[in-house]
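Reader: I would like to go through the contact between two chains of this model. Please take it step by step.

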Amino acid sequence: MADEVTAELKQKIIDYLKAVSKAKNKEVAKDIGVDKHVVDKAIAELSKEGVIEYIYLGASFIKLKDA
Amino acid sequence: MGRTDIGPPDYQEMLPDIIKKNYGKWKYHENPRPGVLRHVSETGDEIYTVRVGSPRLVSIDFIRDLCDVADKYCDGHLRFTSRYNVEFITDSKAKADGIMEEVKKLGLPVGGTGNGISNIVHTQGWIHCHSAATDASGLVKAVMDELYDYFTSMKLPAYVRIAVACCINMCGAVHCSDLAIVGVHRRPPKIDNEKVLAQCEIPTTIQSCPTGAIRRHPDPNVKSVVVREDLCMYCANCFTVCPAMPLADPVGDGVAIYVGGKVSNARKPPMFSRMVVPFLPNNPPRWPEVVDVIKKIVEVYAGSARKYERMGEWVERIGWEKFFKLTGIPFTEQHIDDFTHAVETYRTTTQFKW
Amino acid sequence: MADETPLLDELEKGPWPSYVKEIKRAAKKNKASKDLLGIQELSYKDRVTHWKHGGIVGVTGYGSGVIGRYCDVPEKFPNAAAFHTVRINHPAGWFYSTKALRKLCDIWEQYGSGMTNFHGSTGDIIFLGTTTENLQPCFDALTENGFDLGGSGSALRTIAGCVGKARCEWSNIDTLDLVRNLTTEFQDEIHRPRWPYKFKIKASGCPNDCVAAIARADFTVIGTWKDSLRIDQAAVKNYADNGFDIKGLVIDKCPTDALEWDEKAKELKLRADDCVRCMHCINKMSKAIRPGVDTGATILIGGKAPIIKGAYLSWVLIPFMKIEPPYDEIKDLLRRIWDWWDENGRTRERLAELIERKGLKTFLREMGIPPVPQMVYKPRANPYVFF
């Protein structure tokens with residue numbers, strides 16, 4: 001289903017974040033071509049799993065958690 | 001990892017029984033004396049609320065002191081207002097008197113109701129903020145010491161809401177307060193080129209400037225930015241996105257004073273506060289220049305406004321030209337707006353006073 | 001460590017309760033609070049702040065609720081070198097049991113400086129000052145005891161409402177239940193910042209607007225009524241008999257001249273069509289005049305402080321809407337607004353600034369809301385119309 005968070009989608013997001021220093025959810029969704037609401041859900045799960053973290057630089061962004 | 005996304009406790013668990021019983025059934029209230037409200041319910045029940053001033057920045061032992069009072073007189077409940085006052089709600093006048101005795105022992109004032117001056121809504125200031133152009137808690141303390149009698153009485157034409165914001169981000173309803181004290185910078189950012197390279201994204205930094213004053217550094221070998229100082233109005237938006245551009249300056253920073261805003265829809269619609277003093281220096285610990293101006297404005301208002309007239313309504317009736325005359329505050333070129341919606345403030349009539 | 005604080009000591013004098021005394025109280029038990037006192041004294045001496053921009057700090061799974069804060073003179077004040085803020089979502093209406101408050105105090109005694117704000121200006125309980133290591137255990141202790149973090153960053157901020165029906169006869173809507181319901185529904189939006197910038201929701205029960213919703217919230221709910229206000233003529237007579245100047249202080253001050261005073265009969269008449277429900281007469285004659293019974297709210301949007309393009313008061317979007325659980329209409333509207341703003345907004349652009357850039361007309365079309373004259377003070381004067 002297009003509106004379900006899959007392991008494949010999570011991996012796509014991780015790969016995307018590997019290439020950038022930080023991003024907004026909107027940019028991730030646009031660049032990997034997946035509906036923003038699903039990406040939001042996937043990012044929430046990744047944050048609960050401790051894979052990504054949030055950074056505040058005048059606005060909030062996400063990034064991969066430093067190993 | 002523990003639980004997440006549980007949200008705050010349900011307010012219903014926090015309500016005293018008498019509030020639960022009369023929820024949505026209140027009929028009317030009165031204000032028998034400063035700091036005390038009496039609410040009467042359709043059920044015939046009545047409650048007394050004792051409103052108490054707090055410095056907002058408090059220790060956990062202060063909160064425990066409040067709890068002791070609430071345990072003794074209020075069925076183990078209390079509440080806070082949107083202006084940081086503490087409210088003890090109880091079911092009899094005798095208990096309300098007891099609360100007043102107890103809080104007096106704690107050194108806390110009873111008041112903040114009706115046509116007086118309630119607690120000052122304020123921000124963090126030098127106590128905890130990286131972008132503060134002034135302190136907040138200290139300014140509040142200095143101003144409230146001076147206006148203390150207005151907190152504990154109800155003798156003004158209408159209530160006067162005061163707010164302090166330690167920079168123009170204004171993390172409080174400062175822009176719509178009867179009296180507002182706002183921390184301002186007067187010097188452009190000091191750019192640390194090495195830190196810009198390490199900590200900032202140059203395109204984001206350039207975009208952050210509302211007047212387009214930030215450009216790439218003219219030397220392509222220097223990966224940094226420059227600021228056109230003639231375009232900078234010191235808003236510090238760039239500093240928020242790029243920590244390598246601080247504006248804080250001991251001489252440049254100080255406070256501005258704004259007058260006549262309101263949020264209530266009663267009588268005149270809500271309105272913005274307007275600048276009456278563009279700059280006063282930071283003079284801790286007691287900011288005497290600021291306290292003097294605030295006191296002067298309150299006194300002129302108290303003597304000139306008609307009953308129930310909010311400060312902004314009073315100024316609209318008498319005219320700003322009269323306001324400056326009565327208060328003796330000088331009108332300068334800084335008072336004339338030159339930002340986004342400036343022309344709306346220019347006078348387009350021959351009607352004015354001398 | 002600073003043992004002498006001559007400047008701050010000045011602020012222990014005077015009748016208003018002193019925050020300096022409070023820091024000193026906390027400093028007796030806690031080294032970080034002692035250093036906080038020293039940092040504040042240094043700022044008073046230097047006349048600048050000694051706090052730096054925050055870095056990445058937070059608790060697992062959240063991007064909100066913790067504000068990172070580091071001192072710029074850590075060598076002088078090692079115990080407050082990292083002094084992070086924790087924002088805790090308050091129970092709606094800021095009511096507390098002393099049991100809950102004492103628990104919060106105990107948690108903060110264990111994990112933080114012992115200094116707090118009751119409350120921050122958005123409405124959260126603020127725990128002021130802890131180390132990076134203590135954040136997660138502090139959060140875990142909070143959730144074990146039924147509390148959770150509030151919003152920060154580009155997220156939905158902690159929702160606030162006035163005291164409402166709990167202790168006010170003027171509340172046209174149940175602000176506490178609305179705030180509680182929306183807060184529960186939008187936990188993800190509060191805790192995981194993903195939008196262009198912050199978004200605030202505030203609800204006031206009547207047009208007196210005790211939480212300043214119209215000035216401070218992107219989404220403003222203000223209770224009002226559609227029918228006529230209620231007048232108890234016997235109570236009106238009482239006011240008159242007690243010497244209250246009804247003519248001078250109420251009738252003459254009605255902004256739309258909607259009230260009439262029959263001096264002989266001591267009767268108050270209302271021209272209901274002219275009333276704009278401003279609250280003035282109700283405020284001044286609480287025992288005699290009350291809001292109507294067909295109650296609901298006006299929804300307004302866009303209120304904000306000056307950064308970046310100037311301050312805005314909220315604009316009328318929906319003149320009247322029933323506000324009843326489960327509040328689906330409001331939730332649906334909020335989601336549509338967020339989607340449009342997130343899609344079109346630039347980084348750090350608030351809703352009002354985006355609407356101004358794109359035009360209110362575009363926004364209304366996108367939301368599927370028909371234009372009505374209540375949305376404007378007056379129609380346009382210029383001829384430059386896009387058809």
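Author: A definition comes before the strands: two strands count as paired if DSSP finds at least two bridges between them. The model is predicted.

Reader: In which sense do strand β5 of chain B and strand β5 of chain C pair?

Author: The strand in chain B covers residues 77-80, and its partner in chain C covers residues 95-97. DSSP must find at least two bridges for a pair, and here there are three bridges. Within this pairing, L78(B) has Y96(C) as its bridge partner. The sense is antiparallel.

Reader: What area is buried between chain B and chain C?

Author: Chain B brings 115 residues to the contact and chain C brings 117 residues. On the side of chain B, W126(B), H128(B) and R267(B) lose the most area to chain C, together 8% of what that side buries. Carbon and sulfur atoms give 60% of the buried area, which is about 10,200 Å².

Reader: How many salt bridges are counted between chain B and chain C?

Author: The cut-off is 4 Å from a side-chain nitrogen of Lys or Arg to a carboxyl oxygen of Asp or Glu. R167(C) and E87(B) meet it, with N to O at 2.7 Å. The count between the two chains is 11 salt bridges.

Reader: Which helix gives the most residues to the side of chain B that touches chain C?

Author: By class, that side has 58 nonpolar, 34 polar and 23 charged residues. Between the two chains, 62 residue pairs are in polar contact, both at pLDDT 80 or more. With 10 residues, spanning 60-73 in chain B, the element that gives the most is helix α2.

Conventions:
Residues are numbered from 1 along each chain as its sequence is written. Chains are lettered from A and ligands numbered from 1 in the order in which they are written. This is a predicted model: local features need pLDDT of at least 70, side-chain atom pairs count only at pLDDT 80 or more; totals for chains, interfaces and linings use all residues. Side-chain values use heavy atoms; hydrogens and water are left out. Contact means heavy atoms within 4.5 Å. Buried area is the accessible area (1.4 Å probe) that two parts lose on being put together, summed over both. A polar contact is a pair of N or O atoms within 3.5 Å; within protein, one must be able to donate a hydrogen and the other to accept it, and residues adjacent in sequence count only if both atoms are side-chain atoms. Helices (H or I, at least four residues) and strands (E, at least two) are DSSP runs, numbered from the N terminus. Ala, Val, Leu, Ile, Met, Phe, Trp, Tyr, Cys and Pro count as nonpolar, Asp, Glu, Lys and Arg as charged, and the others, Gly among them, as polar.
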